[in-house]
Each structure stands twice: as structure tokens, then as C-alpha cells.
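Visitor: I am new to this structure. Please show me how to read a few of its features.

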Amino acid sequence: MSLLATATPTTSSHFSAPLLPFHMPRRNLTAQVHRIRRSRLVTVVASVPDPAAGPVEYTPWLIAGLGNPGNKYYGTRHNVGFEMVDRIAGEEGITMNTIQSKSLLGIGSIGDVPVLVVKPQSYMNYSGEAIGPLAAYYQVPLRHILLIYDDMSLPNGVLRLQKKGGHGRHNGLQNVIENLDGRREFPRLSIGIGNPPGKMDPRAFLLQKFSSEERVQVDAALEQGMDAVRTLVLKGFSGSTERFNLVQKYKFHRV
């Protein structure tokens, strides 16, 4: 029997239904969650509130990094999504100490916006079995589910932020889409890890650790990704997103 708690299963009607109030978990509440609930309500449909609309209310974000649990996978290319979530939790002072729906998660905030930071423990190819039920349980709308994952189609250390998209043959991302009723209209931050050299098996490449030079590029990307996540959560998608992607695309080009 699994020691991981199971959240309420997702249903096909969840993502088409009106946004309901954001309820914190019934069990395993942390003191930080209690402070968030006492300090503000969290029910409306946008991160950026209208100052003239009365009491400030926010829609929560679910920020999930994809990876594999266990020390043997720590620092591998396939686990950069986990690293990004660890960076977010560390810089925002969020303690990840709750096990729910096959996930390790923490509840806190970025600025005044409540966030759940999540690392699925169901292994990469079954990430959706964790994220789908969490999104349903916390009633997070699709547009506020940010998925962070590795991308072999991008050069190492290059980031790309998108409002929506397909799975690009990424098994973890594909499983998430399947567990969100086939919906693809959720944001994603992909972190480039480059292509395997020569005829190297892509699976072996994904489970390798970065070279020292690659590690420097990835660490810089994580820092830039932190800024991108903060901007997205606090301001939403805007012209700055296009500029961010353009800068990322050409940041290693030398003239």
C-alpha cells in the first residue's frame, strides 16, 4: 500500500466548470497555510486584481516541476524541472513538507499570490497522476497550472515560456495532458538541455548529469527562470513574455 495520500480524482467537468473558492487541504495544514487563509481571500479569476473592485482576492497558481524522485536522479538532465521548483521554494521561503496525491508539495505565496509548488513522486512518465488530482482538489484553473520540464529541442540553458502547446513527445508532459482531460491550454516553462551527441540513446542522455560547462549554463537559466515565474504569477502573460523568449533564443549567439 502506498504511503502517499490520494486527493480527490479529477473529473471531465472540472475544467469547464466556473472557478470555485480555493480551499486549503483538509489535513496536513501548515502554520503558513493558516496565515495565508487569515490574511486574504483567494477566489477570483486573475492574478492582477482591480484596485477599484473592493477587497483584493487572488487565484492560486499550481507550479509543478517534472522529474524522477530519488537520489540516483538528482542533478540529471531529466530533473531540471525539480531543480526549478526547488529554486522557487527556496527563494520564496516555501517549505515543501506535505505529501498529497503522489506529490511532495509546499503552500506559500509569490508576492500576495498564493501558490502550490509541486514535485510529483509518481516518476516522470506518470506525472499527470499527481498533477491532475491536485489541480482538481485545489480547484486551480488551467491557465494557472504552470508546468516546468526539460526540453531536448532547445539548446542547453535556453528557456521558453508559453501559454499552451502540445507535448512534443515528452512522456511526462503527455501524461499530464491526459490527466487534465486532454486539455493543453496551460502555461509551461521549458528548460533546454540540448540533444544527445551522435547516436547516443536519448534515454541514457536524459539520465546523465550535466558537464561542468553545461551546469554553469543551467544554473544561470534557473536564476532567469525564477524571474520569469515571478513575472508570470504577478503580472500574467504580456509583451515582456515575448521579449523574454526572444532574449533566451539568442542569448548564446555571438555576433
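Visitor: Does His170 count as buried or exposed?

Guide: Buried means under 20% relative accessible area, exposed over 50%, partly exposed in between (1.4 Å probe, protein chains only). At 9% relative accessibility, His170 counts as buried. This is a predicted model, where local features need pLDDT of at least 70, side-chain atom pairs count only at pLDDT 80 or more, and totals for chains, interfaces and linings use all residues. Residues are numbered from 1 along each chain as its sequence is written, and side-chain values use heavy atoms, with hydrogens and water left out.

Visitor: With which side chain does the side chain of His170 make a polar contact?

Guide: A polar contact is a pair of N or O atoms within 3.5 Å; within protein, one must be able to donate a hydrogen and the other to accept it, and residues adjacent in sequence count only if both atoms are side-chain atoms. Here the partner is the side chain of Asp150, at 3.2 Å. The His170 side chain also reaches the backbone nitrogen of Gly172 at 3.2 Å.

Visitor: How do the side chains point along strand β6?

Guide: In a regular strand the side chains alternate between the two faces of the sheet. Strands (E, at least two residues) are DSSP runs, numbered from the N terminus. In β6, residues 159-162, Leu159 and Leu161 point to one face and are buried.

Visitor: How many bridges join β6 to β7?

Guide: Two strands pair if DSSP finds at least two bridges between them. Four bridges join β6 to β7 (residues 188-192), and the two run antiparallel. Gln162 has Arg188 as its bridge partner in β7.
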